Structure formats: C-alpha cells, structure tokens
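This briefing is meant to be read beside the sequence and the coordinates.

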Amino acid sequence: MVFRKYKTYWVSEGIALLFIFLFTYAAINKLIESETFRLQLEQSPFLSSFAWLLAWGVPLIEITVALMFFSSKLRLVALYLSLLLMILFTVYITAVLFFADSIPCSCGGVIASLSWNEHLVFNLVFIFLAGLGILIKKSEHK
C-alpha cells in the first residue's frame, strides 16, 4: 500500500511538471511572438472576431494555470482547468480538421512543427494525463 501511494505521488508530480512545462513554454512563445500569434488567430474563421482578446488571454490563462500547480491546495483545480483547456484546444483542432481549409497553426516553438493530426494526438495524450491526474488527486483526498 505504501509503495502504491509513493508511486502515484510521483506520477501525480510528473503530470504536474508536464503541464507546468507545456503551459509555460506555450505561453512564453505566444507572448514573444504575440503579433504573429494574433495575426494567425485573425486568419481563423472560428476565432478571428476574438483574436486580440485570445492573443493576450490564452497565454495569461496558461501561465496562471501553470502557477496554480505549485500550490497543493490548487493542484486539483489546476488539473480541471488543464483538462478544460486541452478539451477546448482539441475541439478547435477538430473543427479545423473537418471544417476549415488551410489554417496556420497559432502554436509556437516545437509544437508549431506538428501537423494538425499530430496536434490532435498530442492533445489527446494531455487530456488523458489531466484525467489521470484528477483521479490520483481525488483518491488522495479519500
């Protein structure tokens, strides 16, 4: 029982570190390339009306969620917000894949080199990790 608890602790910490890295990396790239990010959002048929708001709002939300992972009291909330963000990003990618013509990726850095299908798989992995993290965190509270 102790080994299992120890193992789930490290899995939970690993998931938190992955999300901290992902959201910090993505937010910094979006902020550094804020003009490019905004212009790419303006090219989206789904997001163009909200491009300016999203260009600043998404990185700020990503940084906020990443910081929340550092608080044990906010960790479960951070996991739920991560799950929500990843689901929203996945819905957007799915809409692009099925309903849009060629749309540039508004991601930054290494993630921008992924195809839309690879983005979808990447997001699904992080949705799984957020769900797993939520299950582990909830089991700790019992």
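A crossing is called left-handed if the near helix is turned anticlockwise from the far one by less than a right angle, and right-handed if the turn is clockwise. With that convention in hand, the crossing of helix 3 and helix 4 in this predicted model is left-handed.

**Overall architecture**

- The protein chain contains five helices and zero strands, and reading along the sequence gives the pattern α-α-α-α-α.
- Along its principal axes, the C-alpha trace of the protein chain spans about 55 × 25 × 25 Å.
- Of the 142 residues in the protein chain, 39% are buried.
- Among the contacts in the protein chain with a separation of 6 or more, 69% are accounted for by residues 24 or more positions apart.

**Helix 2 with helix 3**

- Helix 2, which covers residues 34-42, and helix 3 have axes that come within 8 Å and cross at roughly 130°, and that angle makes helix 2 oblique to helix 3.
- The crossing of helix 2 and helix 3 is right-handed, and helix 2 contributes Ser 34, Phe 37, Arg 38, Leu 41 and Glu 42 to the contact, while helix 3 contributes Ala 51, Trp 52, Leu 54, Ala 55, Trp 56 and Pro 59.
- Sorted by class, the residues of the contact of helix 2 with helix 3 comprise eight nonpolar, one polar and two charged.

**Helix 3 with helix 4**

- Helix 3 (residues 51-68) packs against helix 4 (residues 75-99) at an angle of about 145°, and their axes are 8 Å apart.
- On the helix 3 side, the residues that meet helix 4 are Val 58, Ile 61, Glu 62, Val 65 and Met 68, and their counterparts in helix 4 are Arg 75, Val 77, Ala 78, Leu 81, Ser 82, Leu 85 and Phe 89.
- The contact of helix 3 with helix 4 has nine nonpolar residues, together with one polar and two charged residues.

**Helix 4 with helix 5**

- The axes of helix 4 and helix 5, the latter formed by residues 116-141, come within 9 Å and cross at roughly 160°; because angles over 145 degrees count as roughly antiparallel, helix 4 is roughly antiparallel to helix 5.
- The crossing of helix 4 and helix 5 is left-handed, and the residues of their contact divide into 18 nonpolar, six polar and three charged.

**Arg 75**

- Arg 75 lies in helix 4, and it counts as buried because its relative accessibility is 9%, where the cut-off for buried is under 20%.
- The side chain of Arg 75 makes a polar contact with the side chain of Glu 13, at 3.0 Å.
- Leaving aside residues up to four places away in sequence, Arg 75 touches Ser 12, Glu 13, Ala 16, Met 68, Phe 69 and Lys 137.

**Val 110**

- Val 110 is found in the loop between helix 4 and helix 5, and it counts as exposed because its relative accessibility is 60%, where exposed means over 50%.
- Although Val 110 and Tyr 25 are 85 residues apart in sequence, they are 9.7 Å apart in space, taken from C-alpha to C-alpha.

How values were computed. Residues numbered from 1 in each chain as written. Predicted model: local features only at pLDDT ≥ 70, side-chain atom pairs only at ≥ 80, totals over all residues. Heavy atoms only, no water. Axes fitted to C-alpha atoms, helices over the stretch in contact; angles between N-to-C directions. Helix = DSSP H or I, 4+ residues; strand = E, 2+ residues; numbered from the N terminus. Contact = heavy atoms within 4.5 Å. Nonpolar A, V, L, I, M, F, W, Y, C, P; charged D, E, K, R; others polar. Buried < 20%, exposed > 50% of the residue type's maximum accessible area, 1.4 Å probe, protein only. Polar contact = N/O pair within 3.5 Å; in protein donor to acceptor, adjacent residues only side chain to side chain. Parallel < 35°, antiparallel > 145°, perpendicular 65-115°, else oblique.
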